[in-house]
Amino acid sequence: MTTKRRGGPSDELSADEARSIALAAQGLTGRPASKPGVAGVRRVVRRLHALQLDSVNVLVRSHYLPVFSRLGPYPMTDLDRLVNKTHELLELDAHQASFVPAELEPLFRWRRRWSDWETSGPKLRRERPGYVEAIERHVADHGPIALSDLEDKGSREKPKTKYAESSLMWWRPSDGKSVLDGLVSTGRFALAGRRGFARLYDLRERVIPPEVLAQPAPPAEDAIRTLVELAARALGVATVGDLAGYFFLKVGDTKKAARDLVEQGSLRAARVQGWKDPVYVHTSARAAPSLEARTLLSPFDSLTWSRDRTKRLFGFDFSFEIYVPAPERRYGYYVLPFLLRDRLVARVDLKSDRKRSTLLVQAAFGEAGTAPKEVAAELARELGLMAGWLGLERVEVGERGDLARPLARAVKPRLVR
């Protein structure tokens, strides 16, 4: 790797160097030998800055998986504790809804100006006088509460339409949920964790650590610059579009912030061989001395948030088919990429069958140019590890996919451990 001199030409990285830097930045160079604990979970989240949430629970809730990918089997209660008990992690609008280290909360306050509660709130107050105030009192007296705890949830009947259901995106199913989420968006309430997967709401001062609450909100431009620096640190090497996508920032704002960070010495401009657009490399980024990863990745893992970047880094076309009608799916419903050393070598459609205590591999596909027997053997080990972590007794492989048969042979003699 060449070193950029001030005013001189940009660095040029090989595709292998860029991939190594990206994996090292994401903590995907190999799992630690020591048994993971809450300190390890804390380190993973502070490295990634965000764990994306999703409601689908066909395998396990998605926010648990990135920690498993980096640490191996860990007690999921450790992550729950950081969210629900100590509030070291807060649910914020970061990359979609995400669990984020509490100390980053001030950086997202500027987003409140995007809230539609400023217009929908007054309308609801006119329609239902006293309702908003009643919910505020209820949360103050009984929080943390879920929507289901409200005596009057303000449920609404779905309007009839001759158009597709998607035309009802504006419809609010519950006045209660509108109020709870609206008061979160304006900073009156905060999300206090989850009960199962139901959001818990409480007064902001009872959720956000006092030392964080006392911090003033930085100006939006400063907050965005810091978020871009954090995204660059987590990605290692990234285009402007990659940086913007990490925390859903505007490309124009990101471009300006990146230029400022170059001037400050936090980023440097570079090129990656074979990439169309220039990139920024965080000055702390380093290529990994070794790459020993063997891990399955959540469909919502921060390594693959950008489908375009995933293709640039790995030549891996990651199609997310959960919302595609079943007959049109090529790979499956809940598909996890399999990372082996520095390559994405396979993808598997997984499901937890709790009644049969079985991890179901509903389909398995290998990538072109990989060795099926080797990939199957390594993947079988990882599936056994995951099954044990999920408290399942066995792994069962279906017939779909070109990797299914060798994987079934590799899994058959193995015990879950």
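## Leucine 203, tucked away

Leucine 203 has a relative accessibility of 8%, so it counts as buried (buried means under 20% relative accessible area, exposed over 50%, partly exposed in between, with a 1.4 Å probe and protein chains only). You'll find leucine 203 in strand β6. Helices (H or I, at least four residues) and strands (E, at least two) are DSSP runs, numbered from the N terminus.

Who does leucine 203 touch? Not counting residues up to four places away in sequence, its contacts are Val139, Ala140, Arg188, Phe189 and Ala190, where contact means heavy atoms within 4.5 Å. Arginine 271 sits 68 residues away along the chain, and the C-alpha atoms of arginine 271 and leucine 203 are 47 Å apart.

A word on the model: it is predicted, local features need pLDDT of at least 70, side-chain atom pairs count only at pLDDT 80 or more, and totals for chains, interfaces and linings use all residues. Residues are numbered from 1 along each chain as its sequence is written, while side-chain values use heavy atoms, with hydrogens and water left out.

Strand β6 (residues 198–203) pairs with strand β5 (residues 189–195) in the antiparallel sense, over five bridges. Two strands pair if DSSP finds at least two bridges between them. One of the links joins arginine 195 to its bridge partner in β6, alanine 198.

Together, β5 and β6 make a hairpin with two residues between them. In that turn, glycine 196 has a positive phi of about 65 degrees.

Helix α6 (residues 131–142) has twelve residues and spans 16 Å from its first C-alpha to its last, close to the expected 16 Å (the expected span is 1.5 Å times one less than the number of residues). Its buried residues are Tyr131, Val132, Ile135, Glu136, His138 and Val139. Seen down the axis of α6, they fall within an arc of 160 degrees, so they line one face of the helix; the arc is that of the directions from the helix axis to the C-beta atoms.

Trp117, Gly121 and Leu124 are its buried residues. Looking down the axis of α5, these fall within an arc of 70 degrees, so they line one face of the helix. They pack against α6 and α7, whereas Glu118, Thr119 and Arg126 are exposed on the other side of α5.

Next up is an open sheet of three strands in the order β2-β4-β3, with antiparallel pairing. Its edge strands, β2 (51–52) and β3 (89–94), each pair on one side only. Six bridges join β3 to β4 (residues 96–101), and the bridge partner of alanine 94 in β4 is glutamine 96.

Helix α2 lies across β2, β3 and β4, at about 120 degrees to β4 (axes are lines fitted to C-alpha atoms, for helices over the stretch in contact, and angles run from 0 to 180 degrees between N-to-C directions). In α2 (residues 38–48), Gly40, Val41, Val44, Val45 and Leu48 are buried. Seen down the axis of α2, the buried residues fall within an arc of 135 degrees, so they line one face.

Is histidine 63 buried or exposed? With a relative accessible area of 5%, histidine 63 is buried. This residue is in the loop between β2 and α3 (65–71).

## The mixed sheet

Four strands build another open sheet in the order β1-β8-β9-β7, and here the pairing is mixed. β1 (11–13) and β7 (237–238) are the edge strands. Inside this sheet, β8 (residues 267–272) and β9 (residues 279–282) run antiparallel, joined by four bridges. Helix α10 lies across β7, β8 and β9, at about 85 degrees to β9.

## Nonpolar cores

A nonpolar core is a set of buried Ala, Val, Leu, Ile, Met, Phe, Trp, Tyr and Cys residues joined through side-chain atoms within 4.5 Å. In the largest one, with 92 residues, Leu59, Phe247, Leu350, Met386 and Leu407 touch the most other members. Helix α10 (residues 220–235) supplies the largest share of this core, ten residues. A second, separate core of 25 residues includes Val281, Ala293, Leu303 and Leu344.
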